[in-house]
Amino acid sequence: SITVIDSEIKGDILTAKLGYSGCDVQPIHLRASTLFLESNPVQATTLFTKQTEDACEAYFEQSYSYDLIPLKAAYQAAYQTETGVIILKGIGRYSF
């Protein structure tokens with residue numbers, strides 16, 4: 001599993017310090033659902049996945065950056081507005 005140690009959203013960029021086990025440092029992908037959970041503000045389910053699933057037990061902490069513009073575009077299309085707020089579950093508040 002991948003643990004979010006720390007996260008910050010500045011503008012359209014999410015920077016997250018992640019902890020995970022594996023054989024080596026590797027790319028971690030962010031998957032954010034555009035099927036928004038209706039609340040006020042809306043929520044998006046998120047999932048971090050490793051590029052390679054491996055059985056090694058070494059532990060790594062690494063910072064990664066993610067572009068949130070595709071998520072913003074999905075929100076803008078769904079709600080027909082330029083501004084909004086999305087709660088990224090387990091990560092933070094994305095305001096634009």
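A salt bridge is taken here as a side-chain nitrogen of Lys or Arg within 4 Å of a carboxyl oxygen of Asp or Glu. By this criterion the structure holds 3 salt bridges. The model is predicted: local features need pLDDT of at least 70, side-chain atom pairs count only at pLDDT 80 or more, and totals for chains, interfaces and linings use all residues. Residues are numbered from 1 along each chain as its sequence is written, and side-chain values use heavy atoms, with hydrogens and water left out.

The protein contains 1 helix and 8 strands, arranged from the N terminus as β-β-β-β-β-β-α-β-β (DSSP runs: helices, H or I, of at least four residues; strands, E, of at least two; numbered from the N terminus). The C-alpha atoms occupy a box of roughly 45 × 20 × 20 Å along the principal axes. Of the 96 residues, 32% are buried (under 20% relative accessible area; exposed is over 50% and partly exposed in between; 1.4 Å probe, protein chains only).

Lysine 72 and aspartate 12 form a salt bridge with an N to O distance of 3.3 Å. Lysine 72 belongs to helix α1 (residues 69-79) and aspartate 12 to the loop between β1 (3-10) and β2 (13-22), so this pair ties together parts 60 residues apart in sequence. Lysine 72 is buried, at 18% relative accessibility.

In a further salt bridge, the closest N and O atoms of glutamate 61 and lysine 17 are 3.6 Å apart. Glutamate 61 lies in strand β6 (residues 58-67) and lysine 17 in strand β2, so parts 44 residues apart in sequence are tied together. Glutamate 61 is partly exposed at 42% relative accessibility, and lysine 17 is partly exposed at 33%.

Aspartate 54 and lysine 50 also meet in a salt bridge (3.1 Å, N to O). Aspartate 54 is partly exposed, with a relative accessible area of 25%, whereas lysine 50 is buried at 11%.
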